[in-house]
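Visitor: I'd like a close look at one part of this protein, the charged pairs. Could you walk me through them and then show me what surrounds them?

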Amino acid sequence: MDGIFTKNANGVRPDNIPINFNEAKQIAKDGGQSNIKITEASGAAFVLKEIGNAPSSGIAGNLYPFDETDTTAKGMVVDTMSDTTEDTANRITEEDCEELEEDGMSIERYNKERLSRLLEMRKVMNELEEAALESFGQKIAAKRENAEREGKEAAISRMEPKYAAIAERLIQADLPVTESNLSRIAEAVKMAGEAQFMTDASFSYLIENRLRPTVGNIYKAVHTGAAAKRTIDSDALLQLKNDIERVVSDAGFEPSEKTMQEAKSLIESGIPVTAENLAYREELGAVKDAFETGKVSTAGLTESAVATLKEGFAPKDMNLATVINREEIRLSGTVESLSRMRELGLEPDIEALTERLEDLKLKERNASKSALDGMMDEEDLKELFEKTLDARDAVEEAGEPLAARVFEARRTITLSEISVTAKSLTGTGRLQAASASYEASATEIRKDLGDSINKAFSGIEDILKSLDLEVNAANTRAVRMLGYNSIEITAENISEMKYFDSQIETLKNDLKPQVTAEIIKRGINPLETTVRELSAKAHEIAKELGTTPEERFSEYLVKLDRAREITAEQRESYIGIYRMLYSIEKTDGAAIGALVKSGRGLTLANLLTESRTLRKKTLDVSVDDDFGGLEARNYEGLSIDEQVAKAYGTRIAEETFRNATPGRLEKALERLSEQGKTPENGTLENLLENLLETPETTDDASYRTSRLDNFRQTISGNSGETEFLKQFEQEDSAVNIRAAAGILAQHGFERLKAVNERKNGRQEKLELREMPETEHELRNELEGIHLKASEMIETLYSGAGLTGREAFELKEVGNMIALKTGLLRRSFYEIPLEDEDGILNIHLTVSHESASRGSFLVSMEGIRASGTVSDENVTILITASSRETEGLIKKDGGLVERLKAAGFKGVHTAVSVGRLTPTYNGDNNTESARLYTAAKETVLYLRRFARTGENV
């Protein structure tokens, strides 16, 4: 055992003290008594949790990337997360983050369950990829070299030996080397040694409570204390001997003296002697023996703990029976790391990995399909959902020749129709044959296609030059695809092919399960919709569900603020280009449409000029929201060819917007210059090509590391925010958790108004002067405030001089607005009410039971009130945070008179002082005017007493 687990001379562990994990103790605290319960014990350290107090928010301050100030008091969180959340946070790496976001959705927008599922999918896919390599050792060597290049090896060399070994294993397993991971694995390895101290009482505890033999469970079993036993004399045991022997035999064991003694131990503990219990007792005995005899090494335990973490569980959930069972390791190829299996001389179970991946994909589909639950014709819609995804998969598998094969029908072909052709291209040998068709056609010149096709055979570069088209990757790909089907190579066909190809790529990238379900919910049949229309709608919804333009702009500005060795002139230039791309994204390509219509090229200089012109003129560039794709968006004065050019250019701008970072943009512009391109003649396609070929910079990597750290902090300490989101049926994504933290802290729109005043020199009102008369009017007025706030944010992003920190604050406010708008539908209202002392942010939750019954909750600075309404009767309980406020309210007594004046006959109120720990249960099934009236009068009365006194 490498000397890490020891006994004293008497074979007893010195600190083997029984602990009752369910016994609450009383300890003195602040002059009083508090109930404290032991919730976890690890060695000499105990985790104590105060019973009866609502969990406070673990999210504090502004988790701003690259913040150089001390974050101890304004960003660090308490480790109160659940095991599932904790392990998702601690096993996600920067590479995971990058790959998961390739679909256009930031990790901060995934709910916890889906993030955990997608993360596991990626890990399994990576293991399948590793298993396909000829030499697994080469993969490990490559990872080690990469780690050394990033400086990780240097850090490992300075660690304590036990942590260095763990860090090595984490790197091999593609898991982050964080302080949390290192300490939790080291602690789990240490705790595992307690298995050698198991007794009959420990075995009985595990068997009786049906607990798996994990590190945590065995540790608890060892320290729980001896269970009461019944003494069975020899005569009674002799009478039961035949029955016990039969059960022992049925369990597959020889009725030896050892097994009979084990059966006796079960009987004395009051546990049935069954085949299952005897088998488990034998397994636990094997675990104890393995640890006692030193058969389990520290290295083996470390590897198993890392594998457990990679699967998505805490290291203390490591199954010690699995650790000592080689056959179980082989069969659990989806859980254990492939490197461990190789070390044991076992081949990875590729079939098991593949089955696991398919199971995860099915779960992802079903999770999205559940959005159709309860809809009319639910079963038919779910069948449509499955058929749509099957058709989309067929399109993805068909490869590059598909666009050329159906090119002639590009404007009318539906998803159902194109999938039929796609399936014909995925048979054995068909794809390879299609891929070679262009090269084969070079020996057969078709005279009916004219001179241009003759030139094609002298090289793609020549034909592009003859058509006065740029020699770039996009045009070259289009010519090759036209050649697949011997389609005439003209400038118009090249343009059409590029656009049609981009539509098919959009279907592959954007028509994911979540988007498909949303399309069907909106009454659209994807199978019978044209590829043009469907790609447009899928792209639109994917953008709604994914990262917002403001979030991308915010990230860009934050990175730019941290860019090293950049001049003020360069900074302004890089902001100008990115603001242009942001404008194109927000206006559906208005600047591109204007250039196409005027006949000017889509050069960077022209786009910059046109986007500035449009911004200055504040043109209305909104588009028709009706579904209909390209033909429905019939831009005035644009021919069909011009519409195609405009739509394709917009797609290129969007992709450039997604891929541009300050560091990559700087390198891409340098490459353009080396290629003889200037803003006057360099195009968006040029810029995108060079961006995609430019690796990320150190600033990009540094930002991602900081952002991932902040993400881990956000999803780790959020018990209060997560419960709040759950009660109102909102996604528990990191974005919503941060937004919920701001809402619960009643931050309001102060940050937005402050940024707006600094930039525009004027104050904007985002508050109410009085409470509206009805709940419907309240909802409408708040929706208007949210809309105005969103427009302010968009204007600020479009303007000049925005810093990274300001952009980050605006992004956070924007996320709060989105959540507040969702909460309105659940009858939760954050009301910014203006009075003589300033703005008071009030929370009001209304729960409707019927037209005459319901309840409400009011929360404002220093006061909370809960009320119930039944017909003409109302009962209100008020809790103040200070004795002074309590005394003022009791002395005034005006709430009773106010409610009676509003028409209530029976009014009962009570006032107390204490901690404000509100719970929310908003609902909106039936609106009750009486209920809202009582809530409104309570708000108007209590706001006079807000902000008074010192908190108790």
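Guide: Let's start with Glu544, which is partly exposed because its relative accessibility is 45%, between the 20% that ends buried and the 50% beyond which a residue is exposed. Keep in mind that this is a predicted model. The side chain of Glu544 forms a salt bridge with that of Arg522, at 2.7 Å from N to O. This pair ties together distant parts of the chain: Glu544 sits in helix α29 (residues 531-545), while Arg522 is in the loop between α28 (513-521) and α29, 22 residues apart. Arg522 is partly exposed as well, with a relative accessible area of 37%.

On to another pair, Arg671 and Glu693, whose side chains meet in a salt bridge at 2.6 Å, N to O. Here too distant parts of the chain are linked: Arg671 belongs to helix α36 (residues 662-674), and Glu693 to the loop between α37 (684-692) and α38, 22 residues apart. Arg671 has a relative accessible area of 28%, so it counts as partly exposed.

Now for a pair away from the surface. Lys936 and Glu937 form a salt bridge, with their closest N and O atoms 3.8 Å apart. Lys936 counts as buried because its relative accessibility is 7%, and Glu937 is buried at 12%.

Some charged residues go beyond pairs: Arg365, Lys369, Glu386, Asp390, Arg392, Asp393 and Glu396 are linked in a network of salt bridges. Searching the whole structure turns up 60 salt bridges.

You'll find Arg707 in helix α38 (residues 698-716), and at 11% relative accessibility it counts as buried. Its side chain makes a polar contact with the side chain of Glu108, at 2.7 Å. Setting aside neighbours within four places in sequence, Arg707 also touches residues including Cys97, Glu101, Ser106, Ile107 and Glu555.

What about the greasy side of things? The largest nonpolar core has 86 residues, of which Leu752, Ile831, Leu844, Phe856 and Ile878 touch the most other members. Apart from that core lies another one of 45 residues, among them Ala404, Ile413, Met481 and Val531. Beyond four places in sequence, the contacts of Phe856 include Leu844, Val846, Ile876, Leu931 and Ala935.

Stepping back, the chain has 46 helices and nine strands, and 50% of its 952 residues are buried. Of the contacts between residues at least 6 apart in sequence, 70% join residues at least 24 apart.

Methods
Residues are numbered from 1 along each chain as its sequence is written. This is a predicted model: local features need pLDDT of at least 70, side-chain atom pairs count only at pLDDT 80 or more; totals for chains, interfaces and linings use all residues. Side-chain values use heavy atoms; hydrogens and water are left out. Helices (H or I, at least four residues) and strands (E, at least two) are DSSP runs, numbered from the N terminus. Buried means under 20% relative accessible area, exposed over 50%, partly exposed in between (1.4 Å probe, protein chains only). A polar contact is a pair of N or O atoms within 3.5 Å; within protein, one must be able to donate a hydrogen and the other to accept it, and residues adjacent in sequence count only if both atoms are side-chain atoms. Contact means heavy atoms within 4.5 Å. A nonpolar core is a set of buried Ala, Val, Leu, Ile, Met, Phe, Trp, Tyr and Cys residues joined through side-chain atoms within 4.5 Å. A salt bridge is a side-chain nitrogen of Lys or Arg within 4 Å of a carboxyl oxygen of Asp or Glu.
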